[in-house]
Amino acid sequence: MSHPNTTRRKHVLKEMMEDDYSLPTEQQQIVRVVSSRGNNLHEVESATAENFLVSMPNKFRKNVWVKRGDYILVEPIEEGDKVKAEINKILTPEHIKEFTKAGIWPELFAKKPATPSSKAEHSGASGSDSDDSLPPNTNRPANMDDDDEDTEESSAED
């Protein structure tokens, strides 16, 4: 027998997966999560660089999680003085792609072109900032080439 929360979770996740990528309404806005404040409250940053609190509606609680840096669609709530909006939808990379294509993705959240860190080269740093000096992350599966395995084995013996 399935638990009632399992059924609700299934419906919430199904709703999220079967999204038609409809564009936000006039009232809704795209925001980025800055931090979690507990009690289903999250601090977000709007496209105008304004920070405020949003609440997670009951249907999402214990079913979906948001973390710092996630983008969400929020809808303003009337009674809010501190909490100004409620989470309407958690945006996926596909949403971001569709919204960017439609020309409605906020400029503030647009991906900045990756520029090589010129500071490290000019300050005489001996590459200590490069990712090469980091040990491999054993928490993530990596696509290993043959020569990668050799270097990892030799470092494990040290």
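**Figure 1. Arg37 and Glu43 join up in a salt bridge.** Let's start with Arg37, which is partly exposed, with a relative accessible area of 49%. In this predicted model, its side chain meets that of Glu43 in a salt bridge, with 2.6 Å from N to O. Glu43 counts as buried, at 15% relative accessibility, because the cut-off for buried is under 20%. Side chains of opposite charge can pair when their charged atoms come close.

**Figure 2. Arg32 and Glu45 link two strands.** What is the gap between the closest N and O atoms in the salt bridge of Arg32 with Glu45? The answer is 3.0 Å. Arg32 sits in strand β1 (residues 29-38) and Glu45 in strand β2 (residues 41-46), so this pair ties together parts that are 13 residues apart in sequence. Is Glu45 buried or exposed? Glu45 is buried, with a relative accessible area of 17%, while Arg32 counts as partly exposed at 23%. The structure holds four salt bridges, and the pair shown here is one of them.

**Figure 3. Lys101 and Glu98 pair up within a helix.** Here's another salt bridge, this time between Lys101 and Glu98, whose closest N and O atoms are 3.6 Å apart. Both residues belong to helix α2 (residues 93-101), and because they are three residues apart there, about one helical turn separates them. Lys101 counts as exposed, at 64% relative accessibility. Glu98, on the other hand, comes out as partly exposed at 31%.

**Figure 4. Asn39 has a positive phi in a loop.** Most residues other than glycine have a negative phi. Asn39 isn't a glycine, yet its phi is positive, at about 55 degrees. Where is Asn39? Look in the loop between β1 and β2. Asn39 is exposed, with a relative accessible area of 72%.

**Figure 5. Lys62 is another non-glycine residue with a positive phi.** For Lys62, phi is about 65 degrees. You'll find Lys62 in the loop between β3 and β4 (71-76). Lys62 is exposed, with a relative accessible area of 63%, so it clears the cut-off of over 50%.

Figure 6. Strand β3 covers residues 51-55, and Ser55 is found in it. The relative accessible area of Ser55 is 12%, so it counts as buried. Which residues does Ser55 touch, not counting those up to four places away in sequence? They are Asn40, Leu41, Val83, Ala85, Glu86 and Ile87.

**Figure 7. Four glutamates make a negative surface patch.** The patch is formed by Glu75, Glu78, Glu79 and Glu86. One of them, Glu86, has its place in strand β5 (residues 83-90). Glu86 is partly exposed, with a relative accessible area of 33%.

**Figure 8. Zooming out puts the close-ups in context.** How many helices and strands does the protein have? It has four helices and five strands, and along the sequence they follow the pattern α-β-β-β-β-β-α-α-α. Of the 158 residues, 25% are buried. Take the contacts between residues at least 6 apart in sequence: 56% of these join residues at least 24 apart. The accessible surface comes to about 12,000 Å², and carbon and sulfur atoms account for 49% of that.

Conventions
Residues are numbered from 1 along each chain as its sequence is written. This is a predicted model: local features need pLDDT of at least 70, side-chain atom pairs count only at pLDDT 80 or more; totals for chains, interfaces and linings use all residues. Side-chain values use heavy atoms; hydrogens and water are left out. Buried means under 20% relative accessible area, exposed over 50%, partly exposed in between (1.4 Å probe, protein chains only). Contact means heavy atoms within 4.5 Å. Accessible areas come from the Shrake-Rupley method with a 1.4 Å probe; for residues, only the protein chains shown count as cover. Patches are made of residues with over 30% relative accessible area and no salt bridge: like charges are joined within 9 Å, nonpolar side chains (Val, Leu, Ile, Met, Phe, Trp, Tyr) within 5 Å. Lys and Arg count as positive and Asp and Glu as negative; His and the chain ends are not counted. The place of a charge is taken as NZ of Lys, CZ of Arg, CG of Asp or CD of Glu.
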